[in-house]
Amino acid sequence: MSTASKKLSQLKKGDKCIVDSYKDESMQQKMLDMGCLPGEIITIDRFAPLGCPIAISVAGTMLCIRKDEAENILVKQVD
Amino acid sequence: MQESKKKIKVALIGNPNVGKSSLFNLLTGLHQKIANFPGVTVEKKTGSATIFNSTTGEANHLEILDLPGTYSLYPTSPDERIPFEVLCDPKNEDHPNVVVILADGTNLKRSLFLASQVIDLKIPTVLALNMMDLVQSQGIKIKPDELERRLGIRVCPIIARKGVGIEELKQALINDIPVPITDVYDTTLIKPSILGGIRKELQLKSNYAALQIANHINTLEQFNLSTEQIKKLKQFFEGVEYDGNKIQSFESLERYKAIQQIIDSCVNVADQKKVSFSTRIDRLLVHRVWGYVIFLCILFIIFQSIFSIAEFPMNFIDETFTGFIDLVSNLLPKGVLNDLIVNGVLAGIGGIIIFVPQIAMLFMFIAILEDTGYMARVSFLMDKLMRNFGLNGRSVIPLMSGVACAVPAIMSTRTISSWKERMVTILVTPLMSCSARLPVYTLLISLIIPSTYVGVFNLQGMVLMSLYLIGFIAALVASVVISGLIKTKQKSYFIMEIPVYRMPRWSNIGYSILEKVKIFLIDAGKIIIAISIVLWFLSSRGPGDKYEKVNQQIEQMTDNAENTEKKLLLESQRLEYSYAGQLGHLLEPVIKPLGFDWKIGIALVTSFAAREVFVGTMTTIYSVGNDENLTVKEKMRIEKDVVTGQPRYTVAVGWSLMLFYAFAMQCMSTLAVVKRETGSWKWPIIQFVYLSALAYFTSLIVYQLLK
């Protein structure tokens, strides 16, 4: 397990990670509202054919998020 | 049964995709009203229900408000601001007596986040625990009694799709619902000097309401507070450090901790991780190749249906209505009133209901796509592509539907959540060549383009296709320009839930179609009838007595074969002498550089009602002539320019006119619908001006280059 923080946008399809923190405060609130808390596990389900947006599974639901939004989510990758 | 005096105001709140519309339809049936919330273009759905107490038989009247779907009371979009304002401002005109929170039993944690916020506002609350069938099939065990005890509110397990548990929920609503006593998360320790001050000043029922107001202290315009009160509230912040964002996220995290404890005590989740049905479908439906192929096929089916299948009911309506108009015209005594009713009002109504089949059909498809969960996948597939033009993944359906008709297309932009992207889509949709332009295009093409073949392709067909293509490209270019011009303070997020696939709920789809047809008939209909009466006046009255003289001559004529030719001639003269005709003459100097004369000027004025009226008007104007066997097209073709002696309809004039119709906002129904959808005349006026300017200058350049 690597401990360095990555941006969610840097991960690849099938990768799993743990939410660490958010770089943008209002973005953080939006994600908290949807149940995506620090400590939750995110799975990258797929990228849209043009590389954006990204479909992720977190807290029992599938979310669709743009790449520039995913840059604000700092995560720790897990195997 | 007893007469009752009670009227309970109920507000329905819940996350998106939890079945809120199903529950709303179940509770209110057809007693629904749709309007906008004051000051914003967010749809406000209200309905009424009468519930009889199962023991006393007493009738209770409920007024139910369907609040826009939201994940929390911290708003990030105009839609989400509504639940926040309605629930946190006790003086809001929609502030309810009772709140029904609809929760998703399969995702209780997130549902309880919103629920706990409402509970902490101390408004009497009932939790409707939905999707109990899925809860069971997924092996989740929920103890409703324990949940009731921990939350301190009534919990009703339901299955909204199947109508299970609704009666119990209804009975719960009419019994006295206590104000929740304990906070799910106690906020009294947070900045007590500020929150306590606000709470006391406004006499709020809860500390949480004070916290909500404190966090939005600079955006309280919609609250029923005087400027003095707001000033007073702001004084509490003096000398105290207060970071609203930090408090908000701290409070949210603590709230989740409290919720987790509740969930641990009443929910058992079975750990099963099979590849779900949805994931398997998604492998195909959002595939990099097949995803687009399937989406194109679906678009094609929608497009074909609103284009060709809708034609049958439209023709039927047209014929029936024409028959009805004839009947009314013969029944009523001749005169101004008859003329006004038949050619003004009834013609206007006819022009409105003709749209109903297309609107119903488009919204049937859209409702199915939304309800099954496919629409979210369309956004996912198309977002990047459309964003290059300042549009949204969901702009594809309105734009494509615009090829059939801009009216239902613009109504369908409601699915676009970002305000700016929605406005851009509305503004450019009329550039897509709609079916009303087809008669204009075909007439002009057959006039100026020879029916020859280039290889296997018919030249006329190629020109027609190029006109559609020009409209599409213009729409994309306009989007880029407009999205650069519209400024918005509001930061919008694309983040949205991709729901699992489900079977469509046919009754919901029925309600959705009814709702859209009603909105169009009532809201847009009023404006269309008004404009239609103005146009009637312009073309059936004239300045001076010239118009009246010709009109009298026509009315005194008897209908017989010999008279036909003369009558047509007089009718064309009558149109020239009318206000519309005079306007045509007045317009001539302005439109001359485009290659248009006063005759086209008249057609431009009258076809504001609908573009295809151009053909009808040209028919009337060109009834002049001796050879009655010639069609309008032939008469237009043989007409000579008085100055040059060349044919009047040259290639230059033809293209200039076609491009004018491709771009100009020649459609009152579209303007009426834009007014309805944007809530003010500002946007339809902007749209009218920019499209007219675009049409004028394109035609000017093209005519001057080609002539």
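Chain B of the predicted model contains 31 helices and 12 strands, where helices (H or I, at least four residues) and strands (E, at least two) are DSSP runs numbered from the N terminus. Because the model is predicted, local features need pLDDT of at least 70 and side-chain atom pairs count only at pLDDT 80 or more, whereas totals for chains, interfaces and linings use all residues. Residues are numbered from 1 along each chain as its sequence is written, and chains are lettered from A and ligands numbered from 1 in the order in which they are written.

Along the principal axes, the C-alpha atoms of chain B fill a box of roughly 90 × 60 × 55 Å. Of the 707 residues in chain B, 43% are buried; a residue is buried if 20 or more other C-beta atoms, placed from the backbone, lie within 10 Å of its own. Among the contacts in chain B with a separation of 6 or more, 72% join residues 24 or more positions apart, a contact being two residues whose C-beta atoms, placed from the backbone, lie within 7 Å.

Chain B includes an open sheet of seven strands with mixed pairing, in the order S2-S3-S4-S1-S5-S6-S8. Two strands pair if DSSP finds at least two bridges between them. Strand S2 (32-36) and strand S8 (154-157) of chain B are the edge strands, each pairing on one side only. Neighbouring strands of this sheet are turned by 25 degrees against each other on average, direction ignored. Within the sheet, strand S5 (residues 98-104) and strand S6 (residues 125-130) of chain B pair in the parallel sense over six bridges, and Ile101(B) has Leu127(B) in S6(B) as its bridge partner. Helix H1 (residues 20-28) of chain B lies across S1, S2, S3, S4, S5 and S6 of chain B and runs at about 45 degrees to S3(B); axes are lines fitted to C-alpha atoms, for helices over the stretch in contact, and angles run from 0 to 180 degrees between N-to-C directions.

A second open sheet of seven strands involves both chains, with antiparallel pairing in the order S1(A)-S6(A)-S2(A)-S3(A)-S4(A)-S5(A)-S12(B). Strand S1 (5-7) of chain A and S12 of chain B stand at the edges with a single partner strand each, so one side of each is left without a neighbour in the sheet. The twist averages 45 degrees from one strand to the next. Strands S2 (residues 16-22) and S6 (residues 73-78) of chain A pair in the antiparallel sense over six bridges, with Lys16(A) opposite Val78(A) in S6(A). Between the chains, S5(A) and strand S12 (residues 496-498) of chain B pair in the antiparallel sense over three bridges, and Leu63(A) stands opposite Glu497(B) in S12(B).

At the interface, 26 residues of chain A are in contact with 31 residues of chain B. Helix H1 (25-33) and strand S5 (61-65) of chain A are the elements that give two or more residues to the side of chain A that touches chain B. The largest share of this side, seven residues, comes from H1(A).

Helix H16 (residues 374-387) of chain B lies across S4 and S5 of chain A together with S12 of chain B, running at about 115 degrees to S12(B). The buried residues of H16(B) include Phe380(B), Leu381(B) and Met382(B). These buried residues pack against S4 and S5 of chain A together with H11, H12, H17 and S12 of chain B.

Conventions
Buried ≥ 20, exposed ≤ 12 C-beta atoms within 10 Å, placed from the backbone.
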